[in-house]
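Subject: Handover of the two-chain model

Hello,

I am passing this structure on to you. Please open it first, then read my notes below.

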Amino acid sequence: MPENKRIKDKMQEWQDKILKKVLDKNPERKDKFTTGSWLEMDRLSIPESFSEEDYIEKLGFPGDYPFTRGVQPTMYRGRFWTMRQYAGFGTAEESNKRYKYLLSQGQTGLSVAFDLPTQIGYDSDDSHSIGEVGKVGVAIDSLADMEVLFEGIPLDQVSTSMTINAPASVLLAFYIAVAEKQGIPKNKLRGTIQNDILKEYFARGTYIFPPQPSLRLITNIFAYCAAEVPNWNTISISGYHIREAGSTAVQEVAFTLADGIEYVKAAIAAGLSVDQFAGQLSFFFNAHNDLLEEIAKFRAARRIWAKIMKDQFAAKNPKSMMLRFHTQTGGSTLTAQQPDNNIVRVTIQTLAAVLGGTQSLHTNSRDEALGLPTEDAVQIALRTQQIVAHESGVVNSIDPLAGSYVIESLTDKIEEEVWNYLHKIEQLGGMVRAIENGYIQKEIQDAAYKYQQEVESGERVVVGVNRFTVKDEPPREILKVDPALRKVQSEKIARIKKQRDQAVVQDLLKKLGQAAKDEKTNLMPHILEAARAYATLGEICNVLREQFGEYQESIVL
Amino acid sequence: MKRKIRILIAKPGLDGHDRGAKYIARALKDAGYEVIYTGIRQSPEAIAQSAIQEDVDFVGLSLLSGAHNELFPEVVQRLRRQGADNIIVFGGGVIPEEDIPQLEKQGVEAIFTPGTPIKDVIQFITTNEIRLTH
C-alpha cells in the first residue's frame, strides 16, 4: 500500500503548530470519542492510501462484487426502496383495514405483524395465549383468518413480508392457499418470511423446536421455494433483534452473518447447491442514531457477505453474493419521554438506512415506546421516508458518502472486528454451539449492560431521559386492543372446526406426523395440504411439537 | 447475621424482550441483592412456584407485549392463594400510565416504566424491605 507520506507529514506539522496551541488552551469535550458502539473515532480521518488497486478491491462498483457501494447498478436512481410499514393488531378484519389505509397512503409493500401466540404456534384458545391474543400483532389461527387479512388485496400486485419464524412454513402455506383462492399461481407471489430461527434462541424468543429440526424446516422451505415460489425471499436473516437486545453495531453484523453461514451450511448439507438457493436469502438490519457508524455498518456487511459467499461457499452467481436487506429504525432508541423527539431520531435513522443502501425500510412511529402506534403516528413515520426519498436529494447519486475518509475508515474497522467474531464463532464450533454455550448471549448482555450504565451515569446523553427533561408530560393517546379478542377468536376456531371435513384434517395431520419422522421428507407440501383443509396453526404445530420436542432456553445472566 | 434480600425477576407471558429484565437482574445483583432470573415465557403459575421455592422477598415482573393487565394480577393471586402474601410484587415494561392504578389496586405495588433509573427501583426495595417479617 503506498504510504501517503506527504499528507502524514503535513498532518504532523498541523498537529504541532496549530492543533496543539488550541488544545493547550481549550481541551476537547472528552478525552476519547467513540461511535455509539464504542469504536474509537479519529479526530480527523485522512486517506490511508490513494491506490487504485485498493479502490477496486474494497469498493468496486454498485451491482458488482464486492457490492460495497450497493447491490443494484442504479440504486435509487432506478427506483426507491420499498416503503414497508410493519403492521398488524387485533383481528384480521382490523389489520386488513390498516393495510388498505397504508397502501392508500403510498406504501409500496405490506409487512405483517403477528401476535405472539401465532408466532409461537398456539391457537388463540390455547391457555398459553391468555392476555396475548391480538396484542403485538394480528391473531391468525387458520386459513380462514388469512383469507380475511388479505381480503381485497390482490397478492400478485403487492409484496408481503411476514415476521414469522418457528411456524414460518405454516404461515407461508396459509399465504399460498389464499393466493390460490384469489386465482394467483405460486410463481407470481413476491414477499419474505423471516424464517430465521437462530436469533430467536438468543435475541427474540419466539422459538418452538430445538435447533436441528428447526434447521430442517428452514431448508425444506428453501428447497420448496426454489422449485415452486421462485420470487419469494425464503429467509430474512435478522440482526434487528440482536441490536434491540443490546448488541453493538459490530455484533449485530457479526452474529447475523454467522447465522447466515449456518443456514447456508445446513442447506448444502441437505443436498442443495449454493447457487440454487442463495439468491433467495435476504437480510434485516437495525438503524440506530449514530449516523456515520450505521452507514459504514451496512457497507461493511455487504462486503463481508460477498466474500463469504464467494470464498467460503464458492458461489458463482453474483446474486448469491449480494446482501440484500430490509431495515427498521431502532425501536430501543425511542423514548417514552417527550415522544415527539422520536420523529427526529427516526429521520436520522432513515438517512442512515438510505445512505447505507437499504432495499426496503420500516420507520417506527413516535409513540412506540408507549404502545401500539396510532394511525396519525404511522402516517408521520411513512411521510419521513417519503420526504427523504423525494425532497432530501441523497437518493440521486449512488453511495454518496463513499470516499469520505471517516466512512471508509469505519467501514474497514467494522469489517475487521466482524471477521474477528466470525473466526471466534468458527473456533467455538459454529453458531448453534456458540448459542448453546451462552457465548453470544453473554457478549450481547455485556454490551447492553455497559450501555445502560452509561445512560444511568449520564455519560451517555439521551435527550429527554437523562438530560433536558420536563416535568409532567401530557398524556398521549394510545391504541388499545380489545381484551375480549381471545373469546372472539376462540369462537371462530370452534366454528371452523365444525364446518371443515374433520376426517380429512385428521388424516392430513397424521400424514404430517409420519413425514416429520423421516428426515429426508420435505414437510412443506404436507403443511400446505393441511392448511388448505383448515387445520389450525396450533394443530399443525402440535403435531410437530410431538415429533421434534421443544427448545429450552439456556439462561445466561 | 442479616439475611440478604432475595429477588425473583420474572418474565410472564410470551414476549421475548428480556433486555430490561436482564439489566434489572444484573444491576440489582451488583447492588448487593440475591437475584434469581426465570428466563422468558413463564406462566404465572410457574413464577409463583419459583418465588415460593426460592423463598424470595420480592418478585419483579417484566412484560412488553401488553398482556400485563391479565398476567401481573394473576401472579399476585397465585402467591396469595398459596399463602405467600408477604412477597412484594412490582413490575415494569411498556405499561400505559392509565393501567397503573388498577394494577396497584390488584397488589402490584409499583410499576416502573421505560427510562426509569435503577436507583428508583433500589429506593423502592429499600423503602419496603422493613415490612418483611424475617
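The notes below go from chain A as a whole to its parts, then to chain B.

First, the ground rules. This is a predicted model: local features need pLDDT of at least 70, side-chain atom pairs count only at pLDDT 80 or more, and totals for chains, interfaces and linings use all residues. Residues are numbered from 1 along each chain as its sequence is written, while chains are lettered from A and ligands numbered from 1 in the order in which they are written.

Chain A overall

Chain A holds 22 helices and 10 strands. Helices (H or I, at least four residues) and strands (E, at least two) are DSSP runs, numbered from the N terminus. The C-alpha atoms fill a box of roughly 90 × 60 × 45 Å along the principal axes. The radius of gyration of chain A is 24 Å, which agrees with the value near 24 Å for a compact globule of 557 residues. That radius is taken over C-alpha atoms, and the globule rule is 2.2 Å times the number of residues to the power 0.38.

Of the 557 residues in chain A, 49% are buried. Buried means 20 or more other C-beta atoms within 10 Å of a residue's own; exposed means 12 or fewer; partly exposed lies in between; C-beta atoms are placed from the backbone. Among contacts in chain A with a separation of 6 or more, 78% join residues 24 or more positions apart. A contact needs C-beta atoms, placed from the backbone, within 7 Å.

The sheet

Five strands of chain A form an open sheet with parallel pairing, in the order β1-β10-β9-β8-β7. The edges are β1 (82-83) and β7 (235-238) of chain A; each has a single partner strand, so one side of each lacks a neighbour in the sheet. Strands pair if DSSP finds at least two bridges between them. β9 (residues 325-329) and β10 (residues 360-362) of chain A are joined by three bridges. There, A:H326 stands opposite A:S360.

A:P339 is partly exposed, with 19 other C-beta atoms within 10 Å. Its contacts beyond four places in sequence include A:R366, A:D367 and A:R476.

α18 (residues 439-457) of chain A has 19 residues and reaches 27 Å from first C-alpha to last, close to the 27 Å expected. The expected span is 1.5 Å times one less than the number of residues. Its buried residues include A:I440, A:I444 and A:Y451. The buried residues of α18(A) pack against α7, α9, α10 and α17 of chain A, together with α1 of chain B. A:G458 follows α18(A), with a positive phi near 85°.

In α19 (residues 485-499) of chain A, A:L485, A:R486, A:Q489, A:K492 and A:I493 are buried. They cover an arc of only 125° around the axis, which puts them on the same side of α19(A). The arc is that of the directions from the helix axis to the C-beta atoms. The face turned away carries the exposed residues A:E491, A:A494, A:R495 and A:K498.

Where chain B touches chain A

Here, 27 residues of chain B are in contact with 32 residues of chain A. α1 (19-30) and α3 (68-81) of chain B each give two or more residues to that side of chain B. α1(B) gives the most, with five.

Best wishes

Methods:
Contact = placed C-beta atoms within 7 Å.
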